[in-house]
Amino acid sequence: MKKSINTEVESSKIERSRGRPREFDRAKALEQATRLFWAKGYDATSISDLIKSMGIASPSLYAAFGSKEALYAEVIRHYGETQEPHFWNGFQAAAKARDAVRWLLMDTAVFLSGSPGEHSNGCMVALSSVGVGNEKLAEQLRSARGVGLRRLEDRLRQAVEEGEIASATDIHALARFVQTVQSGMSILARDGATREEFEGIIEIAMLGWDARTNGQG
């Protein structure tokens with residue numbers, strides 16, 4: 001009799017387990033969505049693509065994130081939180097502005113030329129675009145790119161205050177120059193540029209930095 005009761009209990013547990021829906025791992029699903037959008041871009045990524053990549057049903061996607069647009073907005077925030085340190089840690093730790101800029105570009109080169117295919121899609125924020133009619137997302141992307149520009153400008157102003165570079169230096173133009181080099185490296189990463197090529201570009205960029213900050217040209 002006791003054996004029969006135990007058997008019934010175990011059978012009941014199995015049935016409940018089979019009927020219970022699999023727990024939704026939101027963080028994992030968001031990471032998968034990030035990788036997919038990073039590789040394909042917003043417009044080329046369909047809901048079907050997302051469902052397949054994230055391993056969830058359509059109702060779960062909409063219940064968790066609301067819409068494709070809302071999911072992409074969260075992906076942009078997630079990308080910034082998880083990937084930005086790869087670019088900016090060395091920059092923020094450097095004592096001199098020149099070293100900070102060189103660290104930024106070198107860390108970008110390391111990031112973009114990692115394991116084959118790992119980050120060959122370039123910087124997601126730098127290269128992302130959305131089609132007509134998605135002005136809210138377009139503004140979020142512009143804002144995300146603006147964060148990097150403001151960091152550069154703030155660091156250059158500090159360098160002026162500390163006497164590292166001349167007060168007559170066009171801070172905005174110099175920051176835009178560094179930002180343009182970094183963004184261009186992302187484009188080249190998609191074409192298979194190597195770390196050695198990136199390092200050559202960086203050395204030339206730093207010559208341009210020296211010419212400008214020394215008041216030449």
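**Helix packing and the nonpolar core**

In the predicted model, Val101, Leu104, Leu105, Thr108, Ala109 and Leu112 of helix 6 meet Val178, Val181, Gln182, Met185, Ser186 and Ala189 of helix 9. By class, this contact comprises nine nonpolar, three polar and no charged residues. The axes of helix 6 and helix 9 lie 10 Å apart and form an angle of about 10°; the two helices are therefore roughly parallel to each other.

Helix 9 (residues 171-190) also packs with helix 10 (residues 195-213), at an angle of about 170° and with the axes 11 Å apart. Because of this angle, helix 9 is roughly antiparallel to helix 10. On the helix 9 side, the contact is formed by Leu174, Phe177, Val178, Val181, Met185, Leu188 and Ala189, which meet Phe198, Ile201, Ile202, Ala205, Trp209, Arg212 and Thr213 of helix 10. The residues in this contact are 12 nonpolar, one polar and one charged.

The largest nonpolar core contains 56 residues, and those with the most contacts inside it are Met54, Leu71, Tyr72, Leu105 and Trp209. For Leu71, neighbours within four places in sequence being left aside, the contacts are with Leu30, Ala33, Phe37, Leu50, Met54 and Phe65.

The pLDDT of the protein chain averages 84, and 84% of the residues score at least 70. Among the elements of the chain, helix 6 (residues 97-112) has the highest mean pLDDT, 95, whereas helix 1 (residues 2-19) has the lowest, 47. The pLDDT is below 50 over residues 11-22, a stretch with one contact in the model beyond near neighbours in sequence. Where pLDDT is low, predicted coordinates should not be read in detail.

Technical notes. Residues are numbered from 1 along each chain as its sequence is written. This is a predicted model: local features need pLDDT of at least 70, side-chain atom pairs count only at pLDDT 80 or more; totals for chains, interfaces and linings use all residues. Side-chain values use heavy atoms; hydrogens and water are left out. Axes are lines fitted to C-alpha atoms, for helices over the stretch in contact, and angles run from 0 to 180 degrees between N-to-C directions. Helices (H or I, at least four residues) and strands (E, at least two) are DSSP runs, numbered from the N terminus. Angles under 35 degrees count as roughly parallel, over 145 as roughly antiparallel, 65 to 115 as roughly perpendicular and the rest as oblique. Contact means heavy atoms within 4.5 Å. Ala, Val, Leu, Ile, Met, Phe, Trp, Tyr, Cys and Pro count as nonpolar, Asp, Glu, Lys and Arg as charged, and the others, Gly among them, as polar. pLDDT is the predictor's confidence in each residue, from 0 to 100. A nonpolar core is a set of buried Ala, Val, Leu, Ile, Met, Phe, Trp, Tyr and Cys residues joined through side-chain atoms within 4.5 Å. Buried means under 20% relative accessible area, exposed over 50%, partly exposed in between (1.4 Å probe, protein chains only).
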